[in-house]
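Biologist: Hi! Could you walk me through this model?
Modeller: Happy to, here it is.

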Amino acid sequence: MADLGISHTHANHYGSVPAKKPLSVRGKLQLGVHAVLLTAAFAFVAAFVFGLIG
């Protein structure tokens, strides 16, 4: 294996082994907020493009 300058103990830190953790309540809340903001931004741009606002 190529010597990348990192030890094997630190290799997993850089994503060579997928480690999925279940979302906490804070994570779920944050995901929901981001989804709402993204949807609102998309709706705003769509309304602007189709001339509903402006």
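Modeller: Helices (H or I, at least four residues) and strands (E, at least two) are DSSP runs, numbered from the N terminus. This is a predicted model, where local features need pLDDT of at least 70, side-chain atom pairs count only at pLDDT 80 or more, and totals for chains, interfaces and linings use all residues. Residues are numbered from 1 along each chain as its sequence is written, and side-chain values use heavy atoms, leaving out hydrogens and water.

Biologist: What about H2, is it buried or in the open?
Modeller: Two of the 25 residues of H2 are buried (under 20% relative accessible area, with a 1.4 Å probe and protein chains only; exposed is over 50%, partly exposed in between), so H2 lies largely in the open. Across the 54 residues of the protein, 4% count as buried.

Biologist: And what comes just after H2?
Modeller: Gly 51, which takes a positive phi of about 80 degrees.

Biologist: New topic: how many aromatic pairs are there?
Modeller: The count is one aromatic pair, taking rings of Phe, Tyr and Trp (its six-membered ring) with centres within 6.5 Å; planes under 30 degrees apart count as stacked, over 60 as edge-to-face and the rest as tilted. The ring centres of Phe 44 and Phe 48 are 6.3 Å apart and their planes are at 25 degrees, so this pair is stacked.

Biologist: Where do those two sit along the helix?
Modeller: Phe 44 and Phe 48 are four residues apart in helix H2, so about one helical turn separates them.
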